[in-house]
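Morning, everyone. Please have a look at the model first.

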Amino acid sequence: MASIAVYSVKGGVGKTTLAVNLAWCAASISRRKTLLWDLDAANGSGFLLGIDPKKKRSADSVFADGVDPLKLIQPTGHANLDLLPADESIRTLGRQLDRLGKKKRLAKLAEALARNYDRIIFDCPPVLNELSGQVMRAADLVIVPLPPSPLSARAFDVVVEEVRGSGKGHPPILPVLSMIDLRRTLHREAREANPKWPAIPLASAIEQCAVERKPVGAFAPRAPAARAIAQLWTAIERKLAAR
């Protein structure tokens, strides 16, 4: 099993959309049994997969001793892809984890789920707290989506510091240029400055994910955005294989 965190300290960077699409690639392209674990109280991953939240707020209960996370997992409409949804109960999860004092609680839960899943994708909230620290200790790879702007570059530096602060043997980081439009000068300059970084275009097909409530590869597999995400997934699998 390998776990992948899609993380940014800055909102509005396409993080959840990327997490959902990568999870779909893991399940549909690599044919791996995949769990998308939504750790963002907004429950965006569930929405994009067409799963409406249950009335009972219980997402935080998975971190309590003796609670089986499998009881909270829901199937999606896509083969090999399940969702551990979020809800408002995890809005204060960072403080709850602080009180628990168990620095590797998320990592131990992920290890237990390895009996059922080949890949776990964490859709992380844009926070710097105990939850982000737990994610860094649980992840084998951290994906950081970065729209081409000076603020995004600063945000990336913050993520690098957070990952390195997670301890020895911290996970590798893969920056991804997201929402890139090469008609714009700033975007072209960002691409030229980082030619080896994977890039995801600004595309109507990706925006349609929120309308279709499906990953782009499920409804527009020939779209350039779908191909770019699939190429990114191939690069991720290569990094994981090289561990």
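Start with the disulfides: the count is zero. This is a predicted model, by the way. Take Cys-25. Its nearest cysteine sulfur belongs to Cys-209, and that is 11 Å away.

Next, helix 3, residues 93–100. Which of its residues are buried? Leu-93, Gly-94, Gln-96 and Leu-97. They span an arc of only 160 degrees around the axis, so they sit on the same side of helix 3. The general point: an α-helix has 3.6 residues a turn, so residues three or four places apart point the same way.

What is on the face turned away from that buried side? Arg-95 and Arg-99, both exposed. And what covers the buried residues? Helix 4, 105–113, and helix 5, 130–138, are included in that cover. After helix 3 comes Gly-101, with a positive phi near 70 degrees.

Last, confidence. The protein chain has a mean pLDDT of 90. Of its residues, 97% reach 70 or more. Among the elements, strand 5, residues 119–123, has the highest mean, at 98. Helix 6, residues 150–164, has the lowest, at 78.

That's my set. Over to you.

Technical notes:
Residues numbered from 1 in each chain as written. Predicted model: local features only at pLDDT ≥ 70, side-chain atom pairs only at ≥ 80, totals over all residues. Heavy atoms only, no water. pLDDT = per-residue confidence, 0-100. Helix = DSSP H or I, 4+ residues; strand = E, 2+ residues; numbered from the N terminus. Disulfide = S-S within 2.5 Å. Buried < 20%, exposed > 50% of the residue type's maximum accessible area, 1.4 Å probe, protein only. Arc of directions from axis to C-beta. Contact = heavy atoms within 4.5 Å.
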